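Subject: Structure for you to look at

Hello,

I am passing on the structure below, followed by notes on what turned up in it. Please read the notes with the structure open.

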2 protein chains.
Amino acid sequence: MSNQEKFKAFSMDKFEEIHQHTFRVENSSFKKESKLFLKELLDLSGMEISYNIFKPSEEMPFFHTHNENEEVYIIVKGEAEFTVDGKVISLQEGSCINVKPQGSRSYKNLSDTDELVFMVIQAKEDSLNYANIKDGVIVE
Amino acid sequence: MSNQEKFKAFSMDKFEEIHQHTFRVENSSFKKESKLFLKELLDLSGMEISYNIFKPSEEMPFFHTHNENEEVYIIVKGEAEFTVDGKVISLQEGSCINVKPQGSRSYKNLSDTDELVFMVIQAKEDSLNYANIKDGVIVE
(Lines give C-alpha, C1' and ligand atoms only; values in the text may rest on other atoms or scores of the structure.)
Protein backbone atom coordinates (compact mmCIF):
# COMPACT_ATOMS: atom_id res chain seq x y z
CA MET A 1 0.00 0.00 0.00
CA SER A 2 1.65 3.25 -1.06
CA ASN A 3 1.56 6.37 1.05
CA GLN A 4 -0.95 7.77 -1.38
CA GLU A 5 -3.27 4.81 -1.27
CA LYS A 6 -5.31 4.06 1.81
CA PHE A 7 -6.64 0.78 0.50
CA LYS A 8 -5.61 -2.52 -1.01
CA ALA A 9 -7.93 -4.88 -2.84
CA PHE A 10 -7.78 -8.52 -3.91
CA SER A 11 -10.04 -9.66 -6.73
CA MET A 12 -11.64 -12.98 -7.54
CA ASP A 13 -14.59 -13.86 -9.76
CA LYS A 14 -15.96 -16.45 -7.36
CA PHE A 15 -14.92 -18.29 -4.21
CA GLU A 16 -14.08 -21.43 -6.19
CA GLU A 17 -10.89 -19.64 -7.33
CA ILE A 18 -9.48 -20.50 -3.90
CA HIS A 19 -8.61 -23.81 -5.56
CA GLN A 20 -5.88 -21.97 -7.49
CA HIS A 21 -3.95 -21.33 -4.28
CA THR A 22 -1.77 -23.60 -2.18
CA PHE A 23 -0.48 -22.59 1.22
CA ARG A 24 3.13 -23.61 1.82
CA VAL A 25 5.02 -23.36 5.09
CA GLU A 26 8.50 -21.86 4.89
CA ASN A 27 11.34 -24.34 5.42
CA SER A 28 8.90 -27.22 5.55
CA SER A 29 7.45 -29.70 3.09
CA PHE A 30 4.00 -29.05 4.55
CA LYS A 31 1.47 -27.66 2.13
CA LYS A 32 -2.29 -27.25 2.04
CA GLU A 33 -4.15 -26.99 -1.22
CA SER A 34 -7.08 -24.59 -1.58
CA LYS A 35 -5.97 -22.32 1.24
CA LEU A 36 -5.08 -18.64 0.83
CA PHE A 37 -3.94 -16.24 3.54
CA LEU A 38 -4.83 -12.60 2.84
CA LYS A 39 -2.68 -10.57 5.28
CA GLU A 40 0.10 -9.83 2.82
CA LEU A 41 -2.21 -9.49 -0.17
CA LEU A 42 -4.28 -6.85 1.66
CA ASP A 43 -1.48 -5.31 3.77
CA LEU A 44 -3.41 -6.15 6.92
CA SER A 45 -1.98 -5.19 10.30
CA GLY A 46 -4.82 -5.88 12.74
CA MET A 47 -6.13 -9.21 11.50
CA GLU A 48 -5.31 -12.26 9.44
CA ILE A 49 -7.87 -13.83 7.12
CA SER A 50 -7.74 -17.07 5.21
CA TYR A 51 -9.99 -18.41 2.47
CA ASN A 52 -10.41 -22.18 2.51
CA ILE A 53 -12.09 -24.98 0.59
CA PHE A 54 -12.40 -28.49 1.99
CA LYS A 55 -13.21 -31.40 -0.32
CA PRO A 56 -16.21 -33.58 0.49
CA SER A 57 -15.61 -35.30 3.87
CA GLU A 58 -12.24 -33.59 4.32
CA GLU A 59 -11.26 -32.89 7.91
CA MET A 60 -8.49 -31.21 9.85
CA PRO A 61 -6.04 -33.95 10.86
CA PHE A 62 -5.38 -32.43 14.29
CA PHE A 63 -6.74 -30.16 17.03
CA HIS A 64 -5.11 -26.81 17.68
CA THR A 65 -5.21 -23.88 20.09
CA HIS A 66 -3.85 -20.33 19.80
CA ASN A 67 -1.52 -18.30 21.95
CA GLU A 68 -3.17 -14.90 21.80
CA ASN A 69 -5.56 -14.67 18.85
CA GLU A 70 -9.29 -15.25 18.89
CA GLU A 71 -10.38 -17.02 15.72
CA VAL A 72 -13.69 -16.72 13.89
CA TYR A 73 -14.76 -19.29 11.31
CA ILE A 74 -17.48 -18.25 8.86
CA ILE A 75 -19.19 -20.79 6.62
CA VAL A 76 -19.61 -19.37 3.12
CA LYS A 77 -20.94 -22.47 1.35
CA GLY A 78 -21.68 -26.00 2.53
CA GLU A 79 -21.87 -27.48 6.01
CA ALA A 80 -19.18 -27.97 8.62
CA GLU A 81 -18.93 -29.76 11.92
CA PHE A 82 -16.73 -28.20 14.61
CA THR A 83 -15.49 -29.87 17.76
CA VAL A 84 -14.28 -27.50 20.49
CA ASP A 85 -13.17 -28.91 23.83
CA GLY A 86 -15.23 -32.00 23.11
CA LYS A 87 -18.43 -30.17 22.14
CA VAL A 88 -19.80 -30.67 18.63
CA ILE A 89 -21.38 -27.81 16.66
CA SER A 90 -22.80 -28.02 13.12
CA LEU A 91 -22.70 -24.86 11.04
CA GLN A 92 -23.98 -24.08 7.58
CA GLU A 93 -24.00 -21.09 5.18
CA GLY A 94 -23.78 -17.79 7.02
CA SER A 95 -23.13 -19.38 10.39
CA CYS A 96 -20.03 -18.54 12.38
CA ILE A 97 -18.15 -19.51 15.50
CA ASN A 98 -15.70 -17.58 17.64
CA VAL A 99 -13.14 -19.81 19.32
CA LYS A 100 -11.14 -18.26 22.15
CA PRO A 101 -7.37 -18.83 22.00
CA GLN A 102 -7.40 -21.66 24.53
CA GLY A 103 -10.22 -23.58 22.83
CA SER A 104 -8.98 -26.84 21.32
CA ARG A 105 -10.68 -27.03 17.96
CA SER A 106 -10.92 -29.22 14.91
CA TYR A 107 -13.44 -29.26 12.07
CA LYS A 108 -14.55 -31.12 9.00
CA ASN A 109 -16.72 -30.94 5.92
CA LEU A 110 -19.95 -32.72 6.90
CA SER A 111 -20.95 -33.42 3.31
CA ASP A 112 -19.61 -36.35 1.32
CA THR A 113 -20.75 -34.77 -1.96
CA ASP A 114 -20.32 -30.98 -1.71
CA GLU A 115 -17.33 -28.77 -1.05
CA LEU A 116 -17.09 -26.62 2.06
CA VAL A 117 -16.06 -23.00 1.54
CA PHE A 118 -15.15 -21.07 4.68
CA MET A 119 -13.06 -18.20 5.93
CA VAL A 120 -11.04 -17.90 9.11
CA ILE A 121 -10.30 -14.57 10.76
CA GLN A 122 -7.77 -14.06 13.54
CA ALA A 123 -7.37 -10.97 15.72
CA LYS A 124 -5.59 -10.46 19.02
CA GLU A 125 -7.92 -11.12 21.94
CA ASP A 126 -8.98 -7.96 23.82
CA SER A 127 -7.33 -5.66 21.26
CA LEU A 128 -10.43 -3.88 19.96
CA ASN A 129 -11.21 -0.53 21.58
CA TYR A 130 -14.15 0.64 19.47
CA ALA A 131 -16.75 -1.67 17.94
CA ASN A 132 -19.98 -1.31 16.02
CA ILE A 133 -20.06 2.22 14.53
CA LYS A 134 -18.13 3.84 17.39
CA ASP A 135 -14.83 4.07 15.54
CA GLY A 136 -16.33 5.60 12.39
CA VAL A 137 -16.43 9.26 11.42
CA ILE A 138 -18.76 10.58 8.73
CA VAL A 139 -16.94 12.73 6.17
CA GLU A 140 -18.93 15.94 5.69
CA MET B 1 -19.32 -17.33 26.86
CA SER B 2 -19.10 -19.21 30.14
CA ASN B 3 -15.83 -19.98 31.84
CA GLN B 4 -16.31 -23.56 30.73
CA GLU B 5 -16.93 -22.74 27.10
CA LYS B 6 -14.14 -21.47 24.89
CA PHE B 7 -16.41 -20.78 21.93
CA LYS B 8 -19.60 -19.05 20.90
CA ALA B 9 -21.51 -19.77 17.70
CA PHE B 10 -24.22 -17.99 15.74
CA SER B 11 -26.33 -20.04 13.35
CA MET B 12 -28.12 -19.18 10.14
CA ASP B 13 -29.41 -21.40 7.34
CA LYS B 14 -28.31 -19.01 4.62
CA PHE B 15 -27.00 -15.47 4.25
CA GLU B 16 -30.44 -14.20 3.17
CA GLU B 17 -31.50 -14.43 6.84
CA ILE B 18 -29.60 -11.18 7.32
CA HIS B 19 -32.86 -9.60 6.17
CA GLN B 20 -34.37 -10.55 9.52
CA HIS B 21 -32.07 -8.12 11.33
CA THR B 22 -32.21 -4.36 11.66
CA PHE B 23 -29.36 -2.37 13.16
CA ARG B 24 -30.54 0.43 15.46
CA VAL B 25 -28.35 3.12 17.00
CA GLU B 26 -28.87 3.75 20.70
CA ASN B 27 -30.57 7.07 21.53
CA SER B 28 -31.14 7.78 17.85
CA SER B 29 -33.90 7.20 15.33
CA PHE B 30 -31.31 5.93 12.85
CA LYS B 31 -31.77 2.36 11.73
CA LYS B 32 -30.42 0.20 8.93
CA GLU B 33 -32.35 -2.81 7.71
CA SER B 34 -30.51 -6.00 6.77
CA LYS B 35 -27.45 -5.25 8.88
CA LEU B 36 -26.26 -7.40 11.78
CA PHE B 37 -23.24 -6.77 14.01
CA LEU B 38 -21.72 -9.94 15.46
CA LYS B 39 -19.43 -8.75 18.27
CA GLU B 40 -21.94 -9.30 21.06
CA LEU B 41 -23.45 -12.42 19.52
CA LEU B 42 -20.00 -14.05 19.31
CA ASP B 43 -18.43 -12.41 22.40
CA LEU B 44 -15.69 -10.98 20.22
CA SER B 45 -12.93 -8.89 21.80
CA GLY B 46 -10.40 -8.44 19.00
CA MET B 47 -12.63 -7.68 16.04
CA GLU B 48 -16.07 -6.53 15.00
CA ILE B 49 -17.91 -8.16 12.10
CA SER B 50 -21.10 -7.13 10.38
CA TYR B 51 -23.26 -9.00 7.88
CA ASN B 52 -24.95 -6.78 5.32
CA ILE B 53 -27.35 -6.96 2.40
CA PHE B 54 -27.86 -4.04 0.03
CA LYS B 55 -30.91 -3.94 -2.22
CA PRO B 56 -30.38 -3.54 -5.98
CA SER B 57 -28.70 -0.17 -6.64
CA GLU B 58 -28.56 0.66 -2.92
CA GLU B 59 -25.62 2.83 -1.88
CA MET B 60 -24.10 4.25 1.28
CA PRO B 61 -25.43 7.80 1.59
CA PHE B 62 -22.12 9.18 2.88
CA PHE B 63 -18.35 8.68 3.01
CA HIS B 64 -16.67 7.73 6.27
CA THR B 65 -13.25 7.21 7.80
CA HIS B 66 -12.16 5.45 11.00
CA ASN B 67 -10.16 6.58 13.98
CA GLU B 68 -8.07 3.48 14.65
CA ASN B 69 -9.58 0.42 12.99
CA GLU B 70 -8.66 -1.03 9.63
CA GLU B 71 -11.73 -2.31 7.84
CA VAL B 72 -12.01 -5.21 5.42
CA TYR B 73 -15.01 -5.61 3.16
CA ILE B 74 -15.62 -9.06 1.66
CA ILE B 75 -18.14 -9.59 -1.12
CA VAL B 76 -20.12 -12.78 -0.49
CA LYS B 77 -22.67 -12.50 -3.31
CA GLY B 78 -23.23 -9.91 -6.03
CA GLU B 79 -21.10 -7.02 -7.20
CA ALA B 80 -20.08 -3.84 -5.42
CA GLU B 81 -18.38 -0.63 -6.40
CA PHE B 82 -16.15 1.05 -3.82
CA THR B 83 -14.82 4.57 -3.93
CA VAL B 84 -11.83 5.26 -1.66
CA ASP B 85 -10.19 8.68 -1.74
CA GLY B 86 -11.64 9.21 -5.20
CA LYS B 87 -10.48 5.90 -6.67
CA VAL B 88 -13.13 3.48 -7.92
CA ILE B 89 -12.81 -0.30 -7.44
CA SER B 90 -15.32 -2.94 -8.55
CA LEU B 91 -15.46 -6.15 -6.54
CA GLN B 92 -17.47 -9.31 -6.97
CA GLU B 93 -17.91 -12.63 -5.14
CA GLY B 94 -14.87 -13.57 -3.08
CA SER B 95 -13.14 -10.24 -3.63
CA CYS B 96 -12.12 -8.08 -0.72
CA ILE B 97 -10.67 -4.68 0.11
CA ASN B 98 -8.75 -3.45 3.13
CA VAL B 99 -9.33 0.23 3.81
CA LYS B 100 -6.91 1.90 6.23
CA PRO B 101 -8.52 4.03 8.95
CA GLN B 102 -7.87 7.32 7.15
CA GLY B 103 -9.29 6.16 3.81
CA SER B 104 -12.51 7.97 2.96
CA ARG B 105 -14.79 5.27 1.60
CA SER B 106 -18.26 4.76 0.26
CA TYR B 107 -19.77 1.87 -1.69
CA LYS B 108 -22.82 0.69 -3.55
CA ASN B 109 -24.52 -2.32 -5.07
CA LEU B 110 -23.57 -2.20 -8.75
CA SER B 111 -26.52 -4.35 -9.82
CA ASP B 112 -30.00 -2.98 -10.38
CA THR B 113 -31.51 -6.48 -10.23
CA ASP B 114 -29.55 -8.53 -7.67
CA GLU B 115 -28.89 -8.09 -3.99
CA LEU B 116 -25.38 -7.52 -2.66
CA VAL B 117 -24.34 -9.64 0.33
CA PHE B 118 -21.13 -8.57 2.06
CA MET B 119 -19.37 -8.63 5.38
CA VAL B 120 -17.30 -5.95 7.06
CA ILE B 121 -14.55 -6.74 9.56
CA GLN B 122 -12.86 -4.18 11.78
CA ALA B 123 -9.70 -4.67 13.84
CA LYS B 124 -7.34 -2.18 15.43
CA GLU B 125 -4.58 -1.19 13.04
CA ASP B 126 -1.14 -2.63 13.96
CA SER B 127 -2.60 -4.79 16.75
CA LEU B 128 -1.78 -8.24 15.34
CA ASN B 129 1.44 -9.81 16.61
CA TYR B 130 1.25 -13.25 15.00
CA ALA B 131 -0.31 -13.96 11.62
CA ASN B 132 -0.63 -16.93 9.30
CA ILE B 133 -0.07 -20.11 11.38
CA LYS B 134 2.43 -18.49 13.77
CA ASP B 135 -0.03 -18.09 16.64
CA GLY B 136 -1.32 -21.66 16.46
CA VAL B 137 -0.26 -24.64 18.56
CA ILE B 138 -1.03 -28.21 17.59
CA VAL B 139 -2.61 -30.20 20.43
CA GLU B 140 -0.76 -33.49 20.76
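B:Arg105 has a relative accessible area of 0% in this predicted model, and because the cut-off for buried is under 20%, B:Arg105 counts as buried. This arginine belongs to strand 11 of chain B, which covers residues 105–109. Its side chain makes a polar contact of 2.6 Å with the side chain of B:Glu71. The side chain of B:Arg105 also lies 2.9 Å from the backbone oxygen of B:Gly103. Beyond its neighbours within four places in sequence, B:Arg105 is in contact with a number of residues, including B:Phe62, B:Phe63, B:His64, B:Tyr73, B:Val84 and B:Lys100.

Next, the strands of chain A. Strand 12 (residues 116–124) of chain A has eight of its nine residues buried, so the rest of the structure largely encloses it. Strand 12 pairs with strand 5 (residues 48–54) of chain A, antiparallel, through seven bridges. Within that pairing, A:Tyr51 has A:Met119 as its bridge partner. Strand 12 of chain A also pairs with strand 7 of chain A, again in the antiparallel sense, over eight bridges. There, A:Glu71 is bridged to A:Gln122.

Strand pairing also links the two chains. Strand 6 (residues 63–66) of chain A and strand 13 (residues 136–139) of chain B run antiparallel and are joined by four bridges. One residue to look up here is A:His64, whose bridge partner in strand 13 of chain B is B:Ile138.

As for the interface as a whole, 78 residues from chain A and 78 residues from chain B take part in the contact. Between them the two chains bury about 6600 Å², with 57% of that on carbon and sulfur atoms. On the chain A side, the residues that lose the most area to chain B are A:Lys6, A:Phe7 and A:Leu128, which together account for 10% of what that side buries.

Polar interactions cross the interface too. Four salt bridges are found between chain A and chain B. In one of these, B:Lys77 and A:Glu93 have their closest N and O atoms 3.1 Å apart. There are also 56 residue pairs in polar contact across the interface of chain A and chain B. Strand 7 (residues 69–77) of chain A gives the largest share of the side of chain A that touches chain B, with seven residues. By class, that side of chain A is made up of 37 nonpolar, 21 polar and 20 charged residues.

Regards

Methods:
Residues numbered from 1 in each chain as written. Chains lettered and ligands numbered in written order. Predicted model: local features only at pLDDT ≥ 70, side-chain atom pairs only at ≥ 80, totals over all residues. Heavy atoms only, no water. Contact = heavy atoms within 4.5 Å. Buried area = accessible area lost by both parts, 1.4 Å probe. Salt bridge = Lys/Arg side-chain N within 4 Å of Asp/Glu carboxyl O. Polar contact = N/O pair within 3.5 Å; in protein donor to acceptor, adjacent residues only side chain to side chain. Nonpolar A, V, L, I, M, F, W, Y, C, P; charged D, E, K, R; others polar. Pairing = 2+ DSSP bridges. Buried < 20%, exposed > 50% of the residue type's maximum accessible area, 1.4 Å probe, protein only.
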